[in-house]
Amino acid sequence: GLIGGPFAGMVTDRYGRKAGLVPGLLLCTVGAAGVGLSSSVYPFVCALSVWGAGESLLGPSIASLAADTAPSESKGAYLAVVRQAGDMALLCCPLALGCVADLASTSAAMGVVSVATAAVVFPVVIQLDR
């Protein structure tokens with residue numbers, strides 16, 4: 001987000017929340033699949049870079065969407081809960097994916113990320129007006 005965040009914020013403000021969410025989720029999905037399929041360091045770094053670019057697009061889009069939907073009388077509390085949910089995902093998901101990787105494989109763990117993003121998140125994002 002440090003390098004791509006300002007660009008993503010501009011895209012989100014100019015073209016709408018969906019303009020940052022859809023490509024961001026697509027890049028995250030492809031990057032996670034690429035990480036799982038990588039067999040050497042160079043494809044791994046490329047896939048991780050794609051995933052990171054997707055995350056850079058997502059940050060401003062999610063924050064803007066949360067601010068747009070927050071009730072005006074409790075905006076601070078609402079945004080704090082959205083942030084807390086993201087932090088919980090950052091805490092729990094690596095542990096869960098590590099368990100999947102130990103039980104099956106790294107490819108399976110990254111496949112879970114890609115499939116979950118495509119199957120659960122994309123249908124919700126597609127429903128957004130802008």
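Val41 sits in helix H3, which covers residues 41-69. This is a predicted model, where local features need pLDDT of at least 70 and side-chain atom pairs count only at pLDDT 80 or more, while totals for chains, interfaces and linings use all residues. Residues are numbered from 1 along each chain as its sequence is written, and side-chain values use heavy atoms, with hydrogens and water left out.

**Overall build**
- The protein has five helices and zero strands; helices (H or I, at least four residues) and strands (E, at least two) are DSSP runs, numbered from the N terminus.
- Its radius of gyration is 16 Å, close to the 14 Å that the globule rule gives for 130 residues, so the protein is as compact as a globular protein of that length. That radius is taken over C-alpha atoms, and the rule is 2.2 Å times the number of residues to the power 0.38.
- Along the principal axes, the C-alpha atoms fill a box of roughly 50 × 25 × 25 Å.
- Of the 130 residues, 27% are buried (buried is under 20% relative accessible area, exposed over 50%, partly exposed in between, with a 1.4 Å probe and protein chains only).

**Surface**
- Val41 teams up with Tyr42, Phe44, Val45 and Leu48 in a nonpolar surface patch with about 500 Å² of accessible area together.
- Patch residues have over 30% relative accessible area and no salt bridge; like charges are joined within 9 Å, and nonpolar side chains (Val, Leu, Ile, Met, Phe, Trp, Tyr) within 5 Å.

**Helix H2 (residues 17-37)**
- Thr29 is in helix H2 and is buried, at 13% relative accessible area.
- Beyond neighbours within four places in sequence, Thr29 is in contact with Ser114, Thr117, Ala118 and Phe122 (contact means heavy atoms within 4.5 Å).
- Val30, also in helix H2, is partly exposed at 47% relative accessibility.

**Salt bridges**
- There are three salt bridges in the structure, each a side-chain nitrogen of Lys or Arg within 4 Å of a carboxyl oxygen of Asp or Glu.
- Arg17 is buried at 11%, and its side chain meets that of Asp13 at 3.7 Å, N to O.
- Arg17 also pairs with Asp68 at 2.7 Å, N to O. Asp68 lies in helix H3 and Arg17 in helix H2, so this pair ties together parts that are 51 residues apart in sequence.
- Arg83 bridges to Asp87, with the closest N and O atoms 3.2 Å apart; the two are four residues apart in helix H4 (residues 75-103), so about one helical turn separates them.
- Shared partners join Asp13, Arg17 and Asp68 into one network.

Definitions and conventions: Accessible areas come from the Shrake-Rupley method with a 1.4 Å probe; for residues, only the protein chains shown count as cover.
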